[in-house]
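Dear colleague,

I am passing a structure on to you, and below it I have written out what was found, so that you can follow along with the model open.

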Amino acid sequence: MSVREGILAILSMGPAYGLQLHSELTSRAPHRKPVNVGQIYGTLDRLAKQGLIEPAGTTDDALPLYRLTAGGRGAAREWMRHPTLDALPEWTEMLDQVIISGSIDPVAAKAVAEDYRRWWEGDLLRTRTPTPDASPATEAHLARVAREAQAVAAIAWLGAAIAALSHYDSSRALSDVRPRRGRKAQV
């Protein structure tokens, strides 16, 4: 999963602390195994160095809170509204983008899913165009068949996602359940 983009998207809902972000990513991307907590903190450190997040105080028990900067809000908005379609979309990144964004901004996620579906439909048409060296015994033929199967699966999944997102009432707020541990604020 793009932990960076997932964290930025979740922080678009308001300040959060590291272990809370870990919990939110886990619950908002149930199709994935949980990300290592250390990866969350490493990503937070990099996001701060890049100027995309900043400190937002601490919790009552001294866990540091993070919030988006203006640049971070722009990066989160860009990821939640625009798929990367300059090459073959990476399958799990596509799932992450639609599913995580759908839990935050279902309308934007539906538009992203529709953009992905149009891309895959066009790719399916391109893939089905026969090539001169595509005899059944070549690697090119096997690659074409695999790409076609992937396109069919993507179109089917995206259709189901679009239908589901059409029925989402609103975004899901950050959870009130407090994870038990976290990185204490540096004093």
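How many residues does helix α6 have, and how far does it reach from its first C-alpha to its last? Bearing in mind that this is a predicted model, α6 covers residues 106–127, which makes 22 residues, and it reaches 31 Å, close to the 32 Å expected at 1.5 Å a residue.

Several residues of α6 are buried, among them Ala109, Val112, Tyr116 and Trp120, and the buried residues of this helix pack against α4, α5 and α7.

The pairing with α5 can be described in some detail. The axes of α5 and α6 come within 7 Å and cross at roughly 155°; since an angle over 145 degrees counts as roughly antiparallel, the two helices α5 and α6 are therefore roughly antiparallel to each other. On the α5 side the contact is made by Met94, Gln97, Val98, Ser101, Gly102 and Ile104, and on the α6 side by Pro106, Ala109, Val112, Ala113, Tyr116 and Trp120. These contact residues divide into nine nonpolar, three polar and no charged.

Leu21 touches Ile7, Ile10, Leu11, Ala16, Ile40 and Leu44, if residues up to four places away in sequence are not counted.

Conventions: Residues are numbered from 1 along each chain as its sequence is written. This is a predicted model: local features need pLDDT of at least 70, side-chain atom pairs count only at pLDDT 80 or more; totals for chains, interfaces and linings use all residues. Side-chain values use heavy atoms; hydrogens and water are left out. Contact means heavy atoms within 4.5 Å. Helices (H or I, at least four residues) and strands (E, at least two) are DSSP runs, numbered from the N terminus. The expected span of a helix is 1.5 Å times one less than its number of residues. Buried means under 20% relative accessible area, exposed over 50%, partly exposed in between (1.4 Å probe, protein chains only). Axes are lines fitted to C-alpha atoms, for helices over the stretch in contact, and angles run from 0 to 180 degrees between N-to-C directions. Angles under 35 degrees count as roughly parallel, over 145 as roughly antiparallel, 65 to 115 as roughly perpendicular and the rest as oblique. Ala, Val, Leu, Ile, Met, Phe, Trp, Tyr, Cys and Pro count as nonpolar, Asp, Glu, Lys and Arg as charged, and the others, Gly among them, as polar.
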